[in-house]
Amino acid sequence: MSFQYYSGPASAFPSKSTWKDFITLFNINKPVIQQTGDTGEDIGRIYNAIVDAAKIGVEERVILCIIMQESRGNVG
């Protein structure tokens, strides 16, 4: 999978309707999370915590991005 870097005004970014869904993004990032030494159970907890936290109104994709940026999914 390749990545495209975007910058500039919002009009320079792809429309939200073309973004990948949360489950796809989670599965794309799962190998990175596994590299941190997390178990399958840990990864399941991360998934469930994201879904639960999103109930306050923050989209799952945003929460996943923050987790991956800050810790690469390492629950430590």
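1. Orientation of α2 and α3. In this predicted model, the axes of α2 and α3 cross at roughly 130° and come within 9 Å. The two helices are therefore oblique to each other. The crossing of α2 and α3 is right-handed. On the α2 side, I46, I50, V51 and A53 make the contact. On the α3 side, the contact residues are E60, I63, L64 and I67.

2. Orientation of α1 and α2. Two packed helices are described by the angle between their axes and the distance between the axes. For α1 and α2, the angle is about 145° and the axes lie 11 Å apart. This crossing, too, is right-handed. From α1 the contact takes in F22, I23, F26, K30, I33 and Q34. From α2 it takes in I43, I46, Y47, I50 and V51. Three of these names deserve a second look. I46, I50 and V51 of α2 are listed in the contact with α1. I46, I50 and V51 are also listed in the contact with α3.

3. Overall architecture. The chain has three helices and zero strands. Read along the sequence, the pattern is α-α-α. The C-alpha trace spans about 40 × 30 × 20 Å along its principal axes. Of the 76 residues, 20% count as buried. Among contacts with a separation of 6 or more, 58% come from residues 24 or more positions apart.

4. Helix α2. This helix has 14 residues. From first C-alpha to last, α2 reaches 20 Å, close to the 20 Å expected at 1.5 Å a residue. Its buried residues are D42, I43, I46 and I50. An α-helix has 3.6 residues a turn, so residues three or four places apart point the same way. What does the buried face of α2 pack against? The buried residues of α2 pack against α1 and α3. On the other side of α2, G40, E41 and N48 are exposed. Note that an aspartate, D42, is on the buried list.

5. Helix α3. Residues 60-71 form this helix, 12 residues in all. Its reach is 16 Å from first C-alpha to last, close to the 16 Å expected at 1.5 Å a residue. The buried residues in α3 are R61, I63, L64 and M68. They cover an arc of only 160° around the axis, which puts them on the same side of α3. The cover over these buried residues includes α1 (22-35) and α2 (40-53). The face turned away from the buried side carries the exposed residues Q69 and E70. R61 is worth checking by eye, as an arginine on the buried list.

6. L25 is found in helix α1. Is L25 buried, partly exposed or exposed? At 22% relative accessibility, L25 counts as partly exposed; the buried class is under 20%. Leaving aside residues up to four places away in sequence, L25 touches K20, R61 and L64. Both R61 and L64 are buried residues of α3. L25 and C65 are 40 residues apart in sequence, and their C-alpha atoms are 9.1 Å apart.

7. Most residues other than glycine have a negative phi, and most peptide bonds are trans. Where does the chain show a positive phi just after α3? R72 takes that value, about 55°. R72 is a residue other than glycine, and its place is in the segment after α3. Its relative accessible area is 45%, which makes R72 partly exposed.

8. P9, before α1. P9 sits in the segment before α1. With a relative accessible area of 53%, P9 is exposed. P9 and L64 are 55 residues apart along the chain, and their C-alpha atoms are separated by 23 Å. L64 itself is buried in α3.

Definitions and conventions:
Residues are numbered from 1 along each chain as its sequence is written. This is a predicted model: local features need pLDDT of at least 70, side-chain atom pairs count only at pLDDT 80 or more; totals for chains, interfaces and linings use all residues. Side-chain values use heavy atoms; hydrogens and water are left out. Helices (H or I, at least four residues) and strands (E, at least two) are DSSP runs, numbered from the N terminus. The expected span of a helix is 1.5 Å times one less than its number of residues. Buried means under 20% relative accessible area, exposed over 50%, partly exposed in between (1.4 Å probe, protein chains only). The arc is that of the directions from the helix axis to the C-beta atoms. Contact means heavy atoms within 4.5 Å. Axes are lines fitted to C-alpha atoms, for helices over the stretch in contact, and angles run from 0 to 180 degrees between N-to-C directions. Angles under 35 degrees count as roughly parallel, over 145 as roughly antiparallel, 65 to 115 as roughly perpendicular and the rest as oblique. A crossing is left-handed if the near helix is turned anticlockwise from the far one by less than a right angle, and right-handed if clockwise.
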